[in-house]
Amino acid sequence: MHARRSHLDPLAIGLLLACCLFWGFQQVMVKATLAEVPPMLQAAVRFAGATALLWLWCRVRKIPLFAHDASLRPGLVAGLLFCGEFICIYLGLQHTTATRLTLFLYAAPFWVALLLPLRVSSERLGWTQWLGLGLAFVSMGLALKDGGAASTSEADWPWFGDAVALAAGMLWGITTVVVRSTGLSTLSAEKALFYQVGVSTCVLPLASWAMAESWPQTWSTFAYLSIGLQTVVGAFMSYLVWMWLLRNYPATRLNAFVFLTPVFALITGAVWLGEPITAGLLVALCGVAVGIVLVNRRPKA
């Protein structure tokens, strides 16, 4: 058994910040690409490419992916949950704004904080950590209140987009619980991720077909760049880092950092789409920072 750290070190914090920054940017990028590439097709191409890249990575590094280790059942469960999460995300982006979807999606840490301690006693949070988690979430609501409310009126079925975004956050949280509390936690990060992207590669083309999506024959340079970044950086590199972090650090403390992603999404929207950065956003940045410090605070001996 490998040794799991009890708190986040500078390496983990740096990797988390990089992942959250890209994930915030990615939500806006996916939304911008919907005009050219339908949602399920985007997701299918993204995860098919990530599966191929991950397989090549494991071949080069001689990491076994198909050894018999009793991980098949929890691996398939995690894969189906992961796939369901992204079906909800891509559906939601058609009916609500990227910033609102990101806010509801990143309710996932609450599901982790509520459910994981039932399976893993070392993941229990004290009152300080709960206070930090609550502060971070309230801060996100403040940051997205004005911008989300203004843009939602332009979206059709915004309630449906919000609902499936909440469902995506729940599925993400449950996926984390499955990975952390079953035999998947002892696998290599590569194999644990392979279950998730592999199942998604099989299911998402069927979802696209079931929704009668059109499959455009020609894409613009922007569409190729968007799908390429979603595949290489998003579905392969950042998720591989995330799985490695889950294997080596407390999941409840890792999930506190994901509250930075909606902040980064709102900043990206401001830079890309010209949306104003409000005083509420600046207050939220401070609130999220304080919340992260509280969640990762070491208990007194």
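Tutor: Buried residues account for 55% of the 301 residues in this protein. The model is a predicted one.

Student: What makes a residue count as buried?

Tutor: A residue is buried when its relative accessible area is under 20%. Gln26, in helix H1 (residues 10–33), has a relative accessible area of 4%. That value is under 20%, so Gln26 is buried.

Student: Which residues is Gln26 in contact with, leaving aside its neighbours within four places in sequence?

Tutor: Gln26 is in contact with Arg46, Gln230, Gly234 and Tyr239.

Student: Is Gln230 buried or exposed, and how do you know?

Tutor: The relative accessibility of Gln230 is 0%. The cut-off for buried is under 20%, so Gln230 counts as buried. Gln230 belongs to helix H9. Not counting residues up to four places away in sequence, Gln230 touches Gln26, Met29, Val30, Thr33, Gln42, Arg46, Tyr90 and Ala235.

Student: How far apart are Gln230 and Phe47 in sequence and in space?

Tutor: They are separated by 183 residues in sequence and by 8.8 Å in space, C-alpha to C-alpha. For the protein as a whole, 89% of the contacts with a separation of 6 or more are between residues 24 or more positions apart.

Student: How many helices and strands are there in the protein?

Tutor: The protein has 12 helices and zero strands. Along the sequence the pattern reads α-α-α-α-α-α-α-α-α-α-α-α.

Student: How are two packed helices described?

Tutor: The description uses the angle between their axes and the distance between the axes. For H2 and H8 the angle is about 150 degrees, and the axes are 8 Å apart.

Student: What are H2 and H8 called in relation to each other, and why?

Tutor: Angles over 145 degrees count as roughly antiparallel. The angle of H2 and H8 is about 150 degrees, and they are therefore roughly antiparallel to each other. Their crossing is left-handed. The residues of this contact divide into 17 nonpolar, five polar and two charged.

Student: At what angle do H8 and H9 pack, and what does that make them?

Tutor: Helix H8 (residues 189–210) and helix H9 (residues 221–248) pack at about 125 degrees, with axes 9 Å apart. An angle of 65 to 115 degrees would be roughly perpendicular, and one over 145 roughly antiparallel. The crossing of H8 and H9 is right-handed.

Student: Which residues make the contact of H8 and H9?

Tutor: H8 contributes Ala189, Glu190, Ala192, Leu193, Gln196 and Val197, and H9 contributes Ala235, Phe236, Tyr239, Leu240, Met243, Trp244 and Arg247. These divide into 10 nonpolar, one polar and two charged.

Student: What makes Lys191 and Asp69 a salt bridge?

Tutor: Side chains of opposite charge can pair when their charged atoms come close. The cut-off is a nitrogen of Lys or Arg within 4 Å of a carboxyl oxygen of Asp or Glu. For Lys191 and Asp69 the closest N and O atoms are 2.7 Å apart, so the pair is a salt bridge. The structure holds one salt bridge.

Student: Where do Lys191 and Asp69 lie?

Tutor: Lys191 is in helix H8, while Asp69 is in the loop between helix H2 (39–61) and helix H3 (72–92). The pair therefore ties together parts that are 122 residues apart in sequence.

Student: How do Lys191 and Asp69 count by relative accessibility?

Tutor: Lys191 is at 4%, and buried means under 20%, so Lys191 counts as buried.

Student: How does Leu282 count by relative accessibility, and why?

Tutor: Leu282, in helix H12 (residues 279–295), is at 49% relative accessibility. Exposed needs a value over 50%, so Leu282 counts as partly exposed.

Student: Is Ala70 buried or exposed, and how do you know?

Tutor: Its relative accessible area is 77%. Exposed means over 50%, so Ala70 is exposed. Ala70 sits in the loop between H2 and H3, and its phi is near 65 degrees, a positive value in a residue other than glycine.

Student: Is Ala212 buried or exposed, and why?

Tutor: Ala212 is at 66% relative accessibility. The value is over 50%, so Ala212 counts as exposed. Ala212 is in the loop between H8 and H9, and has a positive phi of about 55 degrees although it is not a glycine.

Key
Residues are numbered from 1 along each chain as its sequence is written. This is a predicted model: local features need pLDDT of at least 70, side-chain atom pairs count only at pLDDT 80 or more; totals for chains, interfaces and linings use all residues. Side-chain values use heavy atoms; hydrogens and water are left out. Axes are lines fitted to C-alpha atoms, for helices over the stretch in contact, and angles run from 0 to 180 degrees between N-to-C directions. Helices (H or I, at least four residues) and strands (E, at least two) are DSSP runs, numbered from the N terminus. A crossing is left-handed if the near helix is turned anticlockwise from the far one by less than a right angle, and right-handed if clockwise. Contact means heavy atoms within 4.5 Å. Ala, Val, Leu, Ile, Met, Phe, Trp, Tyr, Cys and Pro count as nonpolar, Asp, Glu, Lys and Arg as charged, and the others, Gly among them, as polar. Buried means under 20% relative accessible area, exposed over 50%, partly exposed in between (1.4 Å probe, protein chains only). A salt bridge is a side-chain nitrogen of Lys or Arg within 4 Å of a carboxyl oxygen of Asp or Glu. Angles under 35 degrees count as roughly parallel, over 145 as roughly antiparallel, 65 to 115 as roughly perpendicular and the rest as oblique.
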